[in-house]
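Please keep the sequence and the structure in view while reading.

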Amino acid sequence: MPSLQDQLSGLVYSTEHGETCPDCRRPVAECECREREEAERLASLDGIVRIRRETSGRKGKGVTTIQGVPLNSDELKILAKTLKKRCGTGGALKDGMIEIQGDHREVLKRELESRGFKVKLAGG
């Protein structure tokens with residue numbers, strides 16, 4: 001890991017190239033960090049979509065989380081939007097994990113299985 005001095009002394013903007021990536025220090029248009037991270041995330045998946053209900057850190061409010069969907073980030077956004085519409089609730093997409101407000105495990109399981117995913121209900 002680079003030292004604090006190295007982290008703070010990096011170039012953020014150049015009049016020649018515009019914005020630069022903080023990781024690879026290349027212009028944003030030429031940066032491949034996001035594609036590499038996306039490829040690593042997809043390679044680490046085992047092909048099983050896990051659905052669980054979580055309440056920790058949410059003041060008792062439950063959300064249904066979906067992890068392990070083997071889609072790239074653009075397709076994952078579209079899937080999250082359709083699942084939120086299907087359940088009639090809000091939600092979010094955070095770090096490759098879809099969060100749907102409320103307990104909708106069975107509805108989501110049926111929907112994902114109809115789309116051809118192998119689904120497991122995880123947690124309690």
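## A buried glycine and an exposed aspartate

In this predicted model, Gly96 has a relative accessibility of 18%. Because buried means under 20% relative accessible area, Gly96 counts as buried. Its place is in the loop between strand 5 and strand 6. Which residues are in contact with Gly96, leaving aside its neighbours within four places in sequence? They are Arg41, Ile66 and Leu76. Leu76 and Gly96 are 20 residues apart in sequence, and their C-alpha atoms are 7.6 Å apart in space.

Asp95 also lies in the loop between strand 5 and strand 6. At 81% relative accessibility, Asp95 counts as exposed, whereas Gly96 counts as buried. The backbone of Asp95 deserves attention too. Most residues other than glycine have a negative phi. Asp95 is not a glycine, yet it has a positive phi of about 50°.

## The chain as a whole

The secondary structure of the chain comes to four helices and seven strands. Read along the sequence, these elements follow the pattern α-β-β-α-β-β-α-β-β-α-β. The chain has 124 residues, of which 31% count as buried. Among contacts between residues at least 6 apart in sequence, 43% join residues at least 24 apart.

Five strands form an open sheet, and their order is 5-6-4-3-7. The pairing in this sheet is mixed. Strand 5, residues 91-94, and strand 7, residues 118-121, stand at the edges. Each of these two has a single partner strand, so one side of each is left without a neighbour in the sheet. From one strand to the next, the twist averages 20°.

How do the individual pairs run, parallel or antiparallel? Strand 3 (residues 48-54) and strand 4 (residues 63-67) run antiparallel and are joined by five bridges. In this pair, Arg53 stands opposite Thr64, and Ile51 stands opposite Ile66. Strand 3 is also joined to strand 7 by four bridges, and these two strands run parallel. Here Arg50 is the residue opposite Lys120 in strand 7. Strand 4 pairs with strand 6 in the antiparallel sense, over four bridges. Thr64 stands opposite Ile100 in strand 6.

## A covered strand

Strand 4 is mostly covered, with four of its five residues buried. Thr65 lies in strand 4. Is Thr65 buried or exposed? With a relative accessibility of 0%, Thr65 counts as buried.

The contacts of Thr65 can be listed without residues up to four places away in sequence. On that basis, Thr65 touches Arg50, Ile51, Arg52 and Glu54, and also Met97, Ile98 and Glu99. Arg50, Ile51, Arg52 and Glu54 fall within strand 3, which spans residues 48-54. Met97, Ile98 and Glu99 fall within strand 6, which spans residues 97-101.

Helix 4, residues 105-114, lies across strand 3, strand 4, strand 6 and strand 7. Helix 4 runs at about 165° to strand 3.

## Where two helices meet

Helix 3 and helix 4 also pack against each other, at an angle of about 130° and with their axes 10 Å apart. That angle makes helix 3 oblique to helix 4. The crossing of the two helices is right-handed.

Which residues meet where helix 3 and helix 4 come into contact? From helix 3 they are Leu79, Leu83, Arg86 and Cys87. From helix 4 they are Val107, Leu108, Glu111 and Leu112. By class, this contact has six nonpolar residues, no polar residues and two charged residues.

How values were computed. Residues are numbered from 1 along each chain as its sequence is written. This is a predicted model: local features need pLDDT of at least 70, side-chain atom pairs count only at pLDDT 80 or more; totals for chains, interfaces and linings use all residues. Side-chain values use heavy atoms; hydrogens and water are left out. Two strands pair if DSSP finds at least two bridges between them. Axes are lines fitted to C-alpha atoms, for helices over the stretch in contact, and angles run from 0 to 180 degrees between N-to-C directions. Contact means heavy atoms within 4.5 Å. Angles under 35 degrees count as roughly parallel, over 145 as roughly antiparallel, 65 to 115 as roughly perpendicular and the rest as oblique. A crossing is left-handed if the near helix is turned anticlockwise from the far one by less than a right angle, and right-handed if clockwise. Ala, Val, Leu, Ile, Met, Phe, Trp, Tyr, Cys and Pro count as nonpolar, Asp, Glu, Lys and Arg as charged, and the others, Gly among them, as polar. Buried means under 20% relative accessible area, exposed over 50%, partly exposed in between (1.4 Å probe, protein chains only).
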